[in-house]
Amino acid sequence: MTHTSPWVTPDLEALRGLIKSFLDKHVIPNTEKYTSQHHVDRDLWNQAGELGLLCMSIPEEYGGGGGTFAHEAVLIEEQARAGDSSWGVSLHNGIVAHYLLEYGSDEQRQRWLPKMATGEVVGAIAMTEPGTGSDLQNISTKAIRDGDEYVIDGSKTFITNGSQADLIIVVAKTDTSKGADGISLILVEGDRQGFRRGRILDKIGQRGQDTSELFFDSVRVPAANLLGTDEGLGFVQLMQQLPQERLIIAVASVAGMESAVAQTLAYTKERTAFGRPIFGFQNTKFKLAEAATETTIARVFIDDCIRKHLAGELDIPTVAMAKWWTSDRAMTVLDDCMQLFGGYGYMSEYPIGRMWADGRVQKIYAGTNEIMKEIIARSL
């Protein structure tokens with residue numbers, strides 16, 4: 001199966017080679033280490049920054065690569081193919097940096113984006129709370145104005161890059177009397193007094209990723225740390241940026257499917273049972289035929305979504321379809337592929353088992369797949 005995505009240019013193929021060699025050198029050899037310590041080494045960010053792999057889709061005037069989402073998509077694909085779920089680079093590059101680019105003042109952009117591009121600053125966004133997941137308008141974290149400062153109180157959980165983040169975009173209520181209209185996004189530096197990191201959470205998959213709890217106990221930040229021109233714009237800002245986050249998940253899901261099918265084809269052609277390769281059995285052929293077909297359909301769909309996104313034409317219901325469908329089908333393909341590995345598939349030293357455990361959360365985060373179906377249904 002060979003498929004060349006129509007959005008991929010020769011320059012992007014050259015970038016793919018650079019990314020692959022970076023992952024082969026710095027990430028894959030450290031997989032077990034990252035898994036056991038539950039975070040990547042801090043200098044991985046600096047090494048990536050030196051190569052220009054951070055903030056590739058941010059304009060050069062802010063220290064970025066001056067590229068597009070296509071550059072980020074290549075990195076997401078290669079990371080998925082490498083079986084890496086530890087390094088939270090797609091959130092740093094494709095989400096946090098873009099909130100700053102879209103809504104930040106020029107001073108905020110100049111201050112933070114160049115440092116994010118070098119790896120000097122790692123970014124995170126704090127939405128989810130212990131009692132609030134997809135229902136963002138009911139968050140309880142507060143940011144109350146006190147003179148020239150905001151005083152932030154509350155807690156967040158499941159925060160990607162939480163233990164290493166130097167800059168956190170905090171979703172908070174600046175007006176508790178309003179629902180969605182009372183939400184604002186506020187920048188909090190990681191060294192602020194009253195800000196505390198909780199434990200790195202013990203997850204079923206993505207065990208090398210520092211998904212953490214964060215606590216804010218009367219954390220004071222300058223009023224100038226508000227993201228956007230006015231209070232109360234946070235919910236709209238989130239709704240405008242979440243589609244790119246959902247597309248990132250869909251891209252990773254499809255690349256994971258492709259990798260799983262390729263690994264399983266190789267394994268079933270080498271491994272023998274009852275005197276012949278496992279691929280020789282009709283069940284194996286049929287399962288892989290189904291997986292290859294599902295993967296091809298997913299790839300064609302996601303390529304179309306990327307093309308639309310690059311042209312500014314990707315709408316919210318379509319990206320909800322992409323996030324739901326690809327993450328759901330990825331788990332079906334991964335489960336079938338893992339079955340064909342037999343007992344070895346359940347061993348953590350085989351990538352297929354780790355991919356299966358890592359992939360399950362794709363159906364949950366950035367809005368559960370049930371929420372995606374709600375969004376789709378509203379457009380019907």
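The model is predicted, with local features needing pLDDT of at least 70 and side-chain atom pairs counting only at pLDDT 80 or more, while totals for chains, interfaces and linings use all residues. Numbering runs from 1 along each chain as its sequence is written, and side-chain values use heavy atoms, with hydrogens and water left out.

The chain holds 11 helices and 10 strands, taken as DSSP runs numbered from the N terminus (helices: H or I, at least four residues; strands: E, at least two). The radius of gyration of the chain is 21 Å, close to the 21 Å from the globule rule for 380 residues, so the chain is as compact as a globular protein of that length; the radius is taken over C-alpha atoms, and the rule is 2.2 Å times the number of residues to the power 0.38. Along its principal axes, the C-alpha trace spans about 80 × 45 × 40 Å. Some 52% of the 380 residues count as buried (under 20% relative accessible area, with exposed over 50% and partly exposed in between; 1.4 Å probe, protein chains only).

As for His92, this residue sits in helix H5 (residues 89–103) and, at 0% relative accessibility, counts as buried. Beyond its neighbours within four places in sequence, His92 touches residues including Trp45, Leu54, Cys55, Met116 and Asn161, contact meaning heavy atoms within 4.5 Å. Glu77 is 15 residues away along the chain, and its C-alpha atom is 16 Å from that of His92.
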